Amino acid sequence: MEKAAKTRGVAVHTSYEQKNSHNGSLPRLLKLEFNRLQSLHKRELSQLPKWWKDLEPKENLHYVRDRLVELYFWVVGVYFKPQYSGSRIFLTKVIKIAAILDDTYDNYGTYEELEIFTMAIERFVLSTL
């Protein structure tokens, strides 16, 4: 079983580092890239709660589940490359809005209210076509 050395949260296999033919700069480069990507994800995650807080969820959406970080990590699985930062943030917001609609249907509205709400959404969608 291989031993792994931990350096700033990055596992670097010591078997590679112990080989005489290994490139010493490669593990350092990998660690730097990992830390850079982790920093990017932290910045993106710090933007999303600001957007969510502006919607005043405690006053307006008290029944909605707070799953913003979970949704963000779903999106990271789809758009994992660093250059898709804007897409990750945008898609997380879109999925959050879909989750708000889902929670509205599941937890909040009565059948009659949801019929009216559904018709309003359908009219909105048709008017945008």
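## Overall layout

From the N terminus on, the elements of the protein chain run β-β-α-α-α-α-α-α. That comes to six helices and two strands. Helices (H or I, at least four residues) and strands (E, at least two) are DSSP runs, numbered from the N terminus.

This is a predicted model, where local features need pLDDT of at least 70, side-chain atom pairs count only at pLDDT 80 or more, and totals for chains, interfaces and linings use all residues. Residues are numbered from 1 along each chain as its sequence is written, and side-chain values use heavy atoms, with hydrogens and water left out.

The protein chain has 129 residues, and 24% of them are buried. Buried means under 20% relative accessible area, with exposed over 50% and partly exposed in between (1.4 Å probe, protein chains only).

## Helix H2

Helix H2 covers 25-54. H2 has 30 residues and reaches 45 Å from its first C-alpha to its last. That is close to the expected 44 Å, a span of 1.5 Å times one less than the number of residues.

Which residues of H2 are buried? They are Pro27, Lys31, Leu40, His41, Glu44, Leu48, Trp51 and Trp52. Just after H2, Glu56 takes a positive phi of about 50°.

## The nonpolar core

The largest nonpolar core has 11 residues, among them Leu48, Trp51, Trp52, Tyr72 and Ile100. Such a core is a set of buried Ala, Val, Leu, Ile, Met, Phe, Trp, Tyr and Cys residues joined through side-chain atoms within 4.5 Å. H2, helix H4 (68-78) and helix H5 (85-108) each supply at least two residues of this core.

Trp52 belongs to this core. Leaving aside neighbours within four places in sequence, Trp52 is in contact (heavy atoms within 4.5 Å) with Pro57, Leu61, Val64, Asp66, Leu68, Lys96 and Ile100.

Asp103 is found in helix H5. Is Asp103 buried or exposed? Asp103 counts as buried because its relative accessibility is 2%. Beyond neighbours within four places in sequence, Asp103 is in contact with Tyr63, Val64, Arg65 and Tyr108.

## The largest pocket

Trp52 also lines the largest pocket, as do Glu56 and Pro57. H3 (57-60) gives the largest share of the lining, three residues. The lining divides into four nonpolar, one polar and five charged residues. Here Ala, Val, Leu, Ile, Met, Phe, Trp, Tyr, Cys and Pro count as nonpolar, Asp, Glu, Lys and Arg as charged, and the others, Gly among them, as polar.

On a 1 Å grid over the protein atoms alone, a pocket is an open set of points where a 1.4 Å probe fits, with protein on both sides within 12 Å along at least five of seven lines; lining residues have an atom within 4 Å of a point.
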